[in-house]
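Biologist: Please take a close look at one part of this model for me: the place where the two chains meet. Walk me through it step by step.

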Number of protein chains: 2
Amino acid sequence: MRRALATAVREAVRAGRLAPGTQLPSSRQLAADLGLARNTVADAYADLVAEGWLTAHRGSGTRVADRITPRPILARPTVEPSGTPCYDLIPGNPDLTAFPRTAWLKATRRALAAAPDDALGYGDPRGRPELRAALADHLARARGVYVSPEHILICAGVSHGLQILSRVLAGRGAGNVAVEAYGLRSYSRLLGAAGLQTLLLPLDTHGIDPVPPDGTDAVLLTPAHQFPVGTVLQRDRRMAVVDWARRTGGLVLEDDYDGEFRFDRQPVGALQGLAPECVVYLGTASNTLAPGLRLAWMALPPTLAAEAIAAKGQVDSCEVFGQLTMAEFITSGAYSGHIRAARRRYRDRRDALVAALAQHAPKVRVIGAAAGLHTVLGLLPGTEQQVLQSATRQGLRVAGLSRYRNEPTLNAMADALVVGYGVPSDAAWPQALSALVRALS
Amino acid sequence: MRRALATAVREAVRAGRLAPGTQLPSSRQLAADLGLARNTVADAYADLVAEGWLTAHRGSGTRVADRITPRPILARPTVEPSGTPCYDLIPGNPDLTAFPRTAWLKATRRALAAAPDDALGYGDPRGRPELRAALADHLARARGVYVSPEHILICAGVSHGLQILSRVLAGRGAGNVAVEAYGLRSYSRLLGAAGLQTLLLPLDTHGIDPVPPDGTDAVLLTPAHQFPVGTVLQRDRRMAVVDWARRTGGLVLEDDYDGEFRFDRQPVGALQGLAPECVVYLGTASNTLAPGLRLAWMALPPTLAAEAIAAKGQVDSCEVFGQLTMAEFITSGAYSGHIRAARRRYRDRRDALVAALAQHAPKVRVIGAAAGLHTVLGLLPGTEQQVLQSATRQGLRVAGLSRYRNEPTLNAMADALVVGYGVPSDAAWPQALSALVRALS
């Protein structure tokens with residue numbers, strides 16, 4: 001009652017029903033009026049005096065404090081209708097309807113039961129040891145990554161990892177980072193915000209030329225599946241950039257965002273495995289499970305580990321149950337099983353896309369390896385905008401390749417669409433594909 | 001088999017058993033030796049060539065690439081024995097053995113079942129709307145906070161929130177922030193790292209004087225329970241700092257780290273409720289539940305919201321299931337119930353501490369309000385170091401007040417211990433208390 005009365009008076013003051021300076025009834029009188037114990041009213045008054053809502057002076061009794069400014073009662077924000085069209089083909093999300101909720105909950109139950117109490121405290125800035133150990137094994141098996149758990153750093157996404165690395169580079173006095181001619185502009189912006197200058201790695205008929213000019217401090221690459229063009233870094237270029245790194249002391253940042261998804265052969269192992277001393281491997285659960293988990297990981301060269309840990313901060317910034325659940329999910333084999341199922345799902349979608357285009361839009365070239373959650377469709381020169389418009393008319397959200405060009409003037413590829421086939425649900429995919437074919441034919 | 005063979009060869013090269021330049025048997029020959037299909041061997045060779053481990057040249061056959069440097073097989077890191085004494089009385093953690101695992105798992109199950117698919121994608125940088133709506137209600141009821149959900153920002157801890165706010169302040173050209181004479185030095189370091197100069201708010205017999213010199217851009221306060229001294233900001237000083245903020249346009253950062261835990265009366269409501277337009281309220285689940293959740297929240301003045309959201313970054317950096325679980329935990333009433341139980345637990349511990357000291361160490365003064373997860377014990381002048389040493393001999397980890405003095409030379413209080421009674425388990429607490437009493441008497 002004391003609390004309810006205090007809340008009622010506070011709200012009355014806030015709403016302006018009790019104006020500043022207003023004299024309140026004495027606690028005895030109000031108690032009588034409300035049929036309350038006098039102490040209850042006196043205590044409620046005392047609470048509000050301590051908080052500054054009321055003033056109490058001997059003689060003048062209890063008044064509403066002068067400096068209170070009345071405010072409207074807050075209304076819930078109205079949810080603005082989402083203006084998204086029916087089918088989203090922008091790359092960046094996996095099929096979120098296929099998230100393994102049951103298996104994830106099971107892993108959470110196990111992880112919660114097994115977690116030591118101190119796991120709930122401020123954690124090791126590198127992340128939970130259970131997860132780092134599980135990842136070291138998984139990455140060695142699945143991606144040929146060569147790292148020991150103490151050199152793995154858990155982060156809340158690849159962007160978070162790049163933020164940490166750009167702080168490390170800036171701390172080392174590094175001035176520039178080379179990025180691929182096509183890629184996520186948000187990454188270039190992020191590096192720029194850290195005070196690093198970004199150079200561009202040109203794209204030629206064999207894909208990206210990964211070797212930057214000597215004197216470049218680091219190079220950010222997507223070797224397994226160039227984003228978004230889709231080429232795979234060739235053997236000689238893999239060796240060439242490793243040679244560059246060893247010769248100049250430069251750092252290679254390997255963004256392995258979708259390396260698990262190769263459909264025509266075994267995935268090409270990570271570049272990191274060839275030269276763990278000069279390659280930082282970045283992996284993520286955003287494409288294999290869901291971005292909402294905010295789980296990514298870096299395999300660091302031992303010489304970089306201490307600086308990266310310091311740059312991340314003193315406490316682990318990643319939620320602990322998600323990390324423990326992921327560790328359980330990996331060690332139980334559920335993660336590999338989920339990836340196998342996802343690989344089949346996305347391979348079938350890509351096959352259906354290729355077949356439909358061959359039949360209905362034979363002029364459209366499918367560019368890039370049979371891999372990942374997106375593909376690039378080469379268009380006739382000068383038609384990108386027009387195709388985008390007809391795609392919009394078909395109710396599609398889809399991006400043109402030009403959106404991912406890091407330097408609009410540099411070696412522009414022919415017009416093309418970047419089609420993410422990961423996002424639609426299994427149920428929606430056939431209609432999305434038909435809409436795309438209509439837009440292209 | 002193909003993958004297993006590739007892995008075996010890769011490991012042999014890595015371990016140096018196959019030296020650079022070594023000629024490998026032809027796929028036909030190796031297939032015969034191993035009783036495999038020739039294609040399996042050829043494919044495995046092809047994988048390793050594509051990754052750069054092997055080279056294949058017409059005529060010279062398949063060889064180990066020249067530039068490979070062998071490395072030792074990685075050993076698991078050995079866990080270093082933790083050298084912590086038996087009882088931890090450093091404030092900063094609640095009793096982690098009392099984390100409501102069963103109720104939390106139940107809330108996770110409900111949250112996972114109810115979550116819309118798109119909740120698993122890249123989220124609103126402010127955090128999940130379910131959690132922001134639940135917090136707006138909870139904070140209004142429990143702390144008198146006046147905020148609408150769209151002005152709440154979820155962050156991964158109060159430090160994360162302060163990082164965001166310091167970026168906002170720096171972005172506004174702010175130069176300095178006033179901090180309390182006693183507090184967490186990590187916060188002052190954090191503000192300094194953002195390029196802000198820190199002024200000190202003096203401590204007098206009534207507690208902290210919260211009004212900084214005009215021209216100060218912001219002031220960081222712990223009004224409900226000064227950390228670590230334990231005083232409660234008095235009514236007139238609450239109004240004075242609000243007046244300062246309104247007069248000068250300065251910002252008040254209210255760190256309400258343990259405002260839920262008041263034992264002798266209703267908690268004093270948040271300062272933010274008095275002046276939502278110039279106070280940023282910071283709350284956290286670290287003391288009510290566990291730091292490992294990495295869940296904290298800011299109630300922002302509407303005029304600050306856009307800048308703070310931009311400073312946090314484009315995607316929500318906080319794991320989604322933890323946010324959805326917390327929302328379910330709050331709306332189901334489990335959170336309030338857990339806080340009530342925790343309040344009883346910590347009140348009983350504090351009462352036992354006060355009683356034991358009165359009986360066995362009457363010279364020790366208990367300083368500060370009956371609140372929170374720690375208290376300050378005033379010692380005879382010049383005895384702090386000596387008491388700390390005898391505490392260590394008793395197997396206690398405990399801090400002296402001097403550890404929290406932001407400016408060693410400024411208005412030093414008498415020697416004192418800061419005793420966190422939150423950390424030990426219910427089972428360990430009686431022994432921890434006896435050890436403390438022995439150290440003090």
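Predicted model: local features only at pLDDT ≥ 70, side-chain atom pairs only at ≥ 80, totals over all residues.

Modeller: Three residues lead on the side of chain B. B:Arg101, B:Tyr146 and B:Arg235 supply 10% of the area that chain B buries against chain A, more than any other three residues. The contact draws on 81 residues from chain B and 80 residues from chain A.

Four salt bridges are counted between the two chains. One of them pairs B:Arg101 with A:Asp117. Their closest N and O atoms lie 3.0 Å apart. The interface also has 22 residue pairs in polar contact.

Which parts of chain B touch chain A? Helices H1 (2-14), H3 (38-51), H4 (101-114), H5 (129-143), H8 (235-248) and H10 (320-331) each supply at least two residues, and so does strand E1 (54-57). H4(B) gives the most, with seven residues. By class, this side of chain B has 40 nonpolar, 16 polar and 25 charged residues.

Last, the symmetry. A rotation of 180° with 0.0 Å of shift along its axis superposes chain B on chain A, with an RMSD of 0.1 Å. That is the relation of a two-fold axis. Both copies use the same surface: 99% of the contact residues of chain B recur in chain A. Within chain B, B:Glu319 comes closest to the rotation axis, with its C-alpha at 3.2 Å.

How values were computed: Residues numbered from 1 in each chain as written. Chains lettered and ligands numbered in written order. Heavy atoms only, no water. Contact = heavy atoms within 4.5 Å. Buried area = accessible area lost by both parts, 1.4 Å probe. Salt bridge = Lys/Arg side-chain N within 4 Å of Asp/Glu carboxyl O. Polar contact = N/O pair within 3.5 Å; in protein donor to acceptor, adjacent residues only side chain to side chain. Helix = DSSP H or I, 4+ residues; strand = E, 2+ residues; numbered from the N terminus. Nonpolar A, V, L, I, M, F, W, Y, C, P; charged D, E, K, R; others polar. Least-squares fit on C-alpha atoms with pLDDT ≥ 70 in both.
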